[in-house]
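Please open the structure in your viewer and keep the selection tool at hand.

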Amino acid sequence: MAWIQFICHTSPDKAEALSEALGECGAAAVTFEDDADQPIYEPDPGETPLWTETRLTALFDAETQQQSVLDMLAGMLLDVPKFRVEAVEEKDWEREWMANFHPLQFGEKLWIVPSWHQAPDEQAVNILLDPGLAFGTGTHATTALCLNWLDQADLQGKYVIDYGCGSGILAIAAALLGAERVIGVDTDPQALEATRENARRNGVEIEAYLPGNCPDDPCDLLLANILAGPLQNLAPRFANLSKPNTELVLSGILQTQAEEVADSYQQWFTMQPAVSREDWVRLTGVRHAV
């Protein structure tokens with residue numbers, strides 16, 4: 001099917017009304033993109049912020065009459081922005097999407113391999129993982145920081161909790177690297193489903209729980225790649241899930257947030273200096289001995 005796209009520049013206060021109006025005009029999809037390289041790292045709960053300068057793209061059937069859309073918008077909005085209309089290039093979108101994902105190496109022996117690729121090193125620890133509905137494919141700096149740590153860790157016979165498991169990537173890595181028992185915890189049931197499915201594809205067993213159902217057994221290693229705010233709030237919970245000498249690995253933290261997050265854990269854990277990648281850091285610590 002052929003498509004055209006209407007593209008304009010807008011502001012956060014006008015974007016929602018413009019999106020709704022384009023939907024009324026028959027747009028199949030409306031997307032917002034950053035128009036000025038302005039990062040949004042950690043919105044407040046309940047907020048869905050947009051960039052100060054936002055580029056809006058509305059997708060229409062190629063048979064759509066452009067002037068008709070503009071006339072309809074003029075009847076719904078006081079201020080209709082100037083649009084650029086382009087034809088969407090015909091592509092094999094599935095093949096185009098797949099081409100963006102390649103095997104990724106972390107540390108010395110750990111690889112993330114999409115299902116349509118051959119593993120570069122059959123003797124390595126290869127995690128079969130496709131991009132999907134839950135966060136975590138190894139491409140983000142925070143995930144990479146955790147995977148690099150796991151690659152160097154001795155996990156043989158360990159009990160590991162991956163809190164905020166997303167796709168299950170860290171939990172699966174821990175299991176393949178020798179952990180005896182691995183639990184994945186997430187607030188999103190869809191993430192738990194993704195973790196179970198990805199674990200099955202990799203031939204490992206991951207127990208997956210909502211936070212309220214997570215067993216209270218203290219673990220040997222606790223991983224959490226989420227965000228700074230939740231990590232601070234979860235510090236007492238993580239202390240309860242640990243025992244003397246439990247190792248702690250935290251990520252999803254900006255460099256500017258590292259000190260404050262580390263301070264939240266000092267009561268229970270001996271925290272190590274942060275390790276950074278791009279704008280993000282990994283914090284590690286060890287539970288105090290009694």
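Does Glu89 count as buried or exposed? Before selecting that residue, note that this is a predicted model. Glu89 counts as exposed, because its relative accessibility is 53% and the exposed class begins over 50%.

**First stop: the loop at Glu89**

With Glu89 selected, trace the chain on either side. Glu89 belongs to the loop that runs between strand 4 (84-87) and helix 3 (93-99). Glu89 and Trp3 are 86 residues apart in sequence, yet their C-alpha atoms are 8.2 Å apart in space.

**Second stop: salt bridges**

How many salt bridges does the structure hold? There are nine salt bridges, and the tour visits some of them.

Select Arg84 and Glu86. These residues form a salt bridge in which the closest N and O atoms are 2.7 Å apart. Arg84 counts as partly exposed because its relative accessibility is 42%. Glu86 is also partly exposed, with a relative accessible area of 28%.

Next, select Asp217 and Arg181. Their side chains meet in a salt bridge, with an N to O distance of 3.0 Å. This pair links distant parts of the chain: Asp217 is in the loop between strand 10 (207-209) and strand 11 (219-225), whereas Arg181 is in strand 9 (residues 181-185), and the two are 36 residues apart. Asp217 has a relative accessibility of 37% and so counts as partly exposed. Arg181, at 25%, likewise counts as partly exposed.

Then select Asp220 and Lys243, whose side chains meet in a salt bridge at 3.0 Å, N to O. Here too the pair links distant parts of the chain, since Asp220 lies in strand 11 and Lys243 in strand 12 (residues 242-254), 23 residues apart. Lys243 is partly exposed, with a relative accessible area of 33%. To end this stop, select Arg181, Glu207 and Asp217 together: salt bridges that share partners join them into one network.

Show helix 4 (residues 141-152) and helix 5 (residues 169-176). Their axes come within 10 Å and cross at roughly 10°. Angles under 35 degrees count as roughly parallel, and helix 4 and helix 5 are therefore roughly parallel to each other.

Which residues meet where these helices are in contact? On helix 4, select Thr143, Cys146, Leu147 and Leu150; on helix 5, select Ile169, Leu170 and Ala173, which they meet. By class, this contact has six nonpolar residues, one polar residue and no charged residues.

Now focus on strand 6 (residues 110-113) and strand 7, which run parallel and are joined by four bridges. Leu110 may be selected together with Val125 in strand 7, which stands opposite.

Methods
Residues are numbered from 1 along each chain as its sequence is written. This is a predicted model: local features need pLDDT of at least 70, side-chain atom pairs count only at pLDDT 80 or more; totals for chains, interfaces and linings use all residues. Side-chain values use heavy atoms; hydrogens and water are left out. Buried means under 20% relative accessible area, exposed over 50%, partly exposed in between (1.4 Å probe, protein chains only). A salt bridge is a side-chain nitrogen of Lys or Arg within 4 Å of a carboxyl oxygen of Asp or Glu. Axes are lines fitted to C-alpha atoms, for helices over the stretch in contact, and angles run from 0 to 180 degrees between N-to-C directions. Angles under 35 degrees count as roughly parallel, over 145 as roughly antiparallel, 65 to 115 as roughly perpendicular and the rest as oblique. Contact means heavy atoms within 4.5 Å. Ala, Val, Leu, Ile, Met, Phe, Trp, Tyr, Cys and Pro count as nonpolar, Asp, Glu, Lys and Arg as charged, and the others, Gly among them, as polar. Two strands pair if DSSP finds at least two bridges between them.
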